[in-house]
Amino acid sequence: MNLRDTLTLSFETVVSYRTRSLLIVLAMALGVAAVVVLTALGEGARLYVVGQFSSLGTNLVFVLPGRAETSGGFPGAALGQTPRDLTLEDARFIGHLPQVKRYAPLNVGVAELTSGGRLREVTVLGSTSELLPIRHMKLSQGSFLARGSERSAQIVLGSVIAHEFFPDGKAVGQRIRLGDSRFLVSGVLAPQGESMGFNSDEIVIIPIDYAQELFNTQSLFRILIEARSRTDIEPARAAIRHVLKLRHDGEEDVTVITQDAILATFDRILRALTLGVAGIAAISLAVAGILVMNVMLVAVAQRTSEIGLLKALGAPAADIRRLFFAEALWLSLAGGAIGYALGNLGAWVIRLAYPQLPAWPPNWASVAGIATALLTGVIASLLPAARAARLDPVLALSGK
Amino acid sequence: MIRLAAITRVFRMGDQEVRALNGINLDIASGEYVSIMGPSGSGKSTLLNVIGLLDQPNSGRYELDGRDVTGLSETERARVRREKIGFVFQSFHLVPRLTAAENIELPLMLEGIAPAERKTRVDAALDAFDLKDRARHRPAELSGGQRQRVAIARATILRPTALLADEPTGNLDHRIGAEVMELLEGLHHAGTTLIVVTHDRELGARAHRHIAMRDGEIVADEK
């Protein structure tokens with residue numbers, strides 16, 4: 001029997017056992033769909049996090065006061081000392097390093113913003129003019145903190161804040177009170193939405209000196225540094241550590257992390273997560289495979305006399321094996337295809353429900369899902385097909 | 001064309017050995033019409049299965065058309081079966097999912113004949129067996145006589161040299177059975193060797209050569 005006839009005949013058989021076939025196809029399809037949807041979800045989460053983190057800026061290095069690692073610790077901890085402050089002076093030294101393109105010290109706090117009878121609490125960032133290019137922020141009106149005039153009382157408003165206080169859109173040049181001081185609005189940030197859980201539309205930015213005064217602190221919250229290039233990131237990190245160690249009496253009491261490292265860690269974790277859920281989903285495919293084997297074994301038992309007849313008509317064992325094999329192939333092919341469609345539908349629904357989540361199933365997952373379906377189906381059919389082919393024709397004809 | 005020499009077929013039933021065929025020697029010439037009769041358990045069906053290469057003897061030698069087919073591989077035996085043997089069964093053995101035409105087409109498919117030629121040959125067979133208006137019907141929609149006609153059409157579509165019928169009228173009433181026998185005898189007249197296994201004396205008597213079996217041995221062979 002040639003390939004085409006084998007495929008045609010087995011296809012007709014699959015179609016004629018409608019309920020049985022539909023159930024197997026459904027089991028297969030659900031397994032494949034689970035793989036596709038779950039990997040889409042995992043991949044979407046990964047792309048979301050990576051995208052959010054990349055939107056912070058490029059080639060970033062962060063300096064935080066205190067050590068993040070617990071190993072070894074710093075000696076001061078045992079004596080109940082707090083780590084040394086990270087100061088503006090530290091930031092200035094870092095700014096002179098050759099690997100550093102620009103830097104922005106950062107202080108964060110909350111203060112009351114009042115103007116024209118309106119009052120609300122806002123998150124205040126204290127920084128310098130370099131914050132804008134480092135964080136890839138954009139202005140919709142006016143200008144950012146002017147370089148070299150850190151001592152002047154300027155304020156940049158987030159888009160939502162600007163709209164709330166100056167609904168007429170004319171915020172630039174207006175005066176506004178933050179805490180106890182009066183500030184001149186120099187610019188308004190373009191709407192950016194949320195990024196890493198931080199909504200830059202509802203912040204205000206003031207010069208770092210004013211912020212330190214406002215919050216009565218000498219210590220910086222962070223120093224954001226942009227390296228000159230990607231290859232400069234690691235040298236910059238090493239140089240920063242070195243400089244700060246020297247300035248802090250030989251103690252490493254700051255944490256220097258690179259955006260790349262964080263990104264790579266997130267990427268790794270979320271990839272592992274995606275693989276994990278794909279693996280769990282694949283188990284359902286294996287279960288579907290066992291179902292296929294079970295149903296094929298029943299089919300062999302049911303069609304014993306038919307197998308006997310085929311043998312009597314002169315079908316060699318190989319033909320019979322191939323017929324059952326092809327049947328399983330059709331079932332898993334249909335299951336894989338329908339599952340792929342279902343999975344993509346599911347991913348589409350997820351994208352519809354959560355537009356910020358790029359839940360596209362990765363190609364490898366779709367291929368792996370369908371391939372696993374085919375493979376399990378085919379493997380599951382080996383035993384029943386072999387059993388059918390081995391049947392003794394005389395016994396098979398009598399239905400035994 | 002069929003030459004059996006000292007054919008023995010032993011079945012094991014628990015710890016007991018049953019000699020279904022015990023040293024059978026039998027020559028059947030091309031174009032003969034033979035009936036094999038005997039009580040149930042006499043080995044007549046086993047003999048038919050051995051002749052049809054469905055069953056293999058434990059010992060002895062079987063020549064078909066001058067060729068020793070005793071030691072053939074499974075695949076080789078399937079090929080010989082396909083090309084030289086046609087089976088007709090008491091219970092018809094039609095594939096319930098397939099239409100009459102598709103059932104008749106099965107051996108052509110197994111032989112690997114192209115679809116266009118298959119169609120012409122199936123159409124011719126449907127014509128010859130008066131099944132033209134039943135071509136698209138499934139076995140469940142056919143009468144017993146029609147089913148057996150489909151089975152015979154299928155058995156003869158590859159023009160086998162020998163037609164082996166095991167109780168071909170066993171599931172049919174007398175009148176329809178007689179029609180089926182006439183059909184088989186017509187094929188015999190056209191040159192096919194016809195071997196009919198039956199325990200129906202009247203049916204057996206119609207053959208030109210009568211073989212009687214008992215306990216795995218041939219006890220009478222009359223022409």
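## A buried glycine in chain B

Gly43(B) is buried, with a relative accessible area of 9%. Keep in mind that this is a predicted model. You can find Gly43(B) in the loop that links β3 (33-37) to α1 (44-51) of chain B.

Which residues touch Gly43(B), leaving aside its neighbours within four places in sequence? They are Ala20(B), Leu21(B) and Met213(B). The chain also brings Ile218(B) into the picture: its C-alpha atom is 9.4 Å from that of Gly43(B), although 175 residues separate the two along the chain.

## The sheet of chain B

Let's turn to the strands. Six of them form an open sheet in chain B, in the order β6-β7-β8-β3-β9-β10, and their pairing is mixed. From one strand to the next, the twist averages 20 degrees.

Look next at β3(B) and β9(B) (residues 209-214), which pair in the parallel sense over four bridges. Here Val34(B) is opposite Arg209(B). Helix α1(B) packs on the sheet, where it touches β3, β6, β7, β8 and β9 of chain B. Helix α6(B) (residues 174-189) lies across β3, β6, β7 and β8 of chain B, at about 150 degrees to β8(B).

## Two helices of chain A

In chain A, helices α9 (residues 259-302) and α12 (residues 363-390) pack at an angle of about 25 degrees, with axes 8 Å apart. That angle makes α9(A) roughly parallel to α12(A). Their contact has 15 nonpolar, six polar and one charged residues. Among those taking part are Leu275(A) and Gly289(A) in α9(A), and Trp364(A) and Arg387(A) in α12(A).

Conventions:
Residues numbered from 1 in each chain as written. Chains lettered and ligands numbered in written order. Predicted model: local features only at pLDDT ≥ 70, side-chain atom pairs only at ≥ 80, totals over all residues. Heavy atoms only, no water. Axes fitted to C-alpha atoms, helices over the stretch in contact; angles between N-to-C directions. Parallel < 35°, antiparallel > 145°, perpendicular 65-115°, else oblique. Contact = heavy atoms within 4.5 Å. Nonpolar A, V, L, I, M, F, W, Y, C, P; charged D, E, K, R; others polar. Buried < 20%, exposed > 50% of the residue type's maximum accessible area, 1.4 Å probe, protein only. Pairing = 2+ DSSP bridges.
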